[in-house]
Amino acid sequence: MGKTKQYIQSLNQHNDSLLLEMEKYAEEHRVPIMELDGIAFLKQLIRIYQPQQLLEIGTAIGYSAIQMAKASSNVHITTIERDSTRYQDAAHYVKQAGLTEQISIVFDDALEWLEQIPYEQEYDFIFVDAAKGQYQAFVEKINSHLKSGGILVVDNVLFKGYVAKEVNDDSRWQSIGEKINHFNQWLVNHADYDTTIVETGDGVAIAVKK
């Protein structure tokens, strides 16, 4: 981590005991959660756009959902998780945070769940942080459920330097990087979105639905 990155991370330190507990748990159990600068950026987007209905693809242990809920008391978050252990962990932490009324956790495969929701169900903010190789499939499924003018945010779009090929020491991660690069190119050129990629956290794509 470079000095600039370390400096930005230091500015985003906090003393929230539950979040600190979650960060420690994630590190010990190798659960990927957003980096401090990435989550701070995401929360700022929530504060700016003030969404009412937010969909998150990929709950993990509920860290980002809780952070987003803390950024605005007016947002209701529906978050999807297919791993039973992580789903249970998320339910526990959301309850501990006192946010069960604001965050609804769904235990399901996101692609299958998106097939079942009513066509008229719409969201004004969608956050994707799940299986990297499925990013394009997720966006294709959720496109009709994002309102015009709504915000799509996708995490890990620079993936530890493997997308830009700054790093190439792991063949499996190289393959993931290539898939994400394909997705980035596809999203940036998608006719329905105006998209930019920000070098914060592990890379964040922000797309505005036309």
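This is a predicted model: local features need pLDDT of at least 70, side-chain atom pairs count only at pLDDT 80 or more; totals for chains, interfaces and linings use all residues.
View A. Helix α1, residues 3–11, contributes the most to the lining, with three residues. By class, the lining splits into seven charged, five polar and four nonpolar residues.

**View B. The largest pocket and its lining.** The space in the largest pocket comes to about 1200 Å³. Its lining counts 41 residues. Val 31, Pro 32, Ile 33, Arg 86 and Lys 132 lie nearest the pocket centre. Two or more lining residues come from each of α2, α4, β2 (76–81), α6 (110–116) and α8 (171–188). The lining holds 18 nonpolar, 15 charged and eight polar residues.

**View C. Helix α2 packed with helix α5.** Helix α2 spans residues 17–28, and helix α5 spans residues 84–97. Their axes lie 11 Å apart, at an angle of about 165°. An angle over 145 degrees counts as roughly antiparallel, so α2 and α5 are roughly antiparallel to each other. The crossing of α2 past α5 is right-handed. On the α2 side, the contact involves Leu 18, Glu 21, Met 22 and Tyr 25. These meet Asp 89, Tyr 93, Gln 96 and Ala 97 of α5. Five residues of this α2 and α5 contact are nonpolar, two are charged and one is polar.

**View D. Helix α3 packed with helix α4.** Helix α3 covers residues 36–49, and helix α4 covers residues 63–71. The angle between them is about 40°, and their axes are 9 Å apart. This angle makes α3 oblique to α4. Helix α3 passes α4 in a right-handed crossing. From α3, the contact takes in Leu 36, Ile 39, Leu 42, Lys 43, Ile 46 and Arg 47. From α4 come Tyr 63, Ser 64, Gln 67, Met 68 and Ala 71. By class, the α3 and α4 contact has seven nonpolar, two polar and two charged residues.

**View E. Helix α7 packed with helix α8.** Helix α7 runs over residues 135–142. The axes of α7 and α8 come within 9 Å and cross at roughly 30°. Angles under 35 degrees count as roughly parallel, so α7 is roughly parallel to α8. Tyr 135, Gln 136, Val 139 and Glu 140 make the contact from α7. His 182, Phe 183 and Trp 186 make it from α8. The contact of α7 with α8 has four nonpolar residues, two polar and one charged. Helix α8 also gives two or more residues to the lining of the largest pocket.

Notes:
Residues are numbered from 1 along each chain as its sequence is written. Side-chain values use heavy atoms; hydrogens and water are left out. Axes are lines fitted to C-alpha atoms, for helices over the stretch in contact, and angles run from 0 to 180 degrees between N-to-C directions. Helices (H or I, at least four residues) and strands (E, at least two) are DSSP runs, numbered from the N terminus. Angles under 35 degrees count as roughly parallel, over 145 as roughly antiparallel, 65 to 115 as roughly perpendicular and the rest as oblique. A crossing is left-handed if the near helix is turned anticlockwise from the far one by less than a right angle, and right-handed if clockwise. Contact means heavy atoms within 4.5 Å. Ala, Val, Leu, Ile, Met, Phe, Trp, Tyr, Cys and Pro count as nonpolar, Asp, Glu, Lys and Arg as charged, and the others, Gly among them, as polar. On a 1 Å grid over the protein atoms alone, a cavity is a set of points where a 1.4 Å probe fits but cannot get out, and a pocket is an open set with protein on both sides within 12 Å along at least five of seven lines; lining residues have an atom within 4 Å of a point. Grid points are joined across faces, edges and corners, and a volume is the space filled by probe spheres set on the points.
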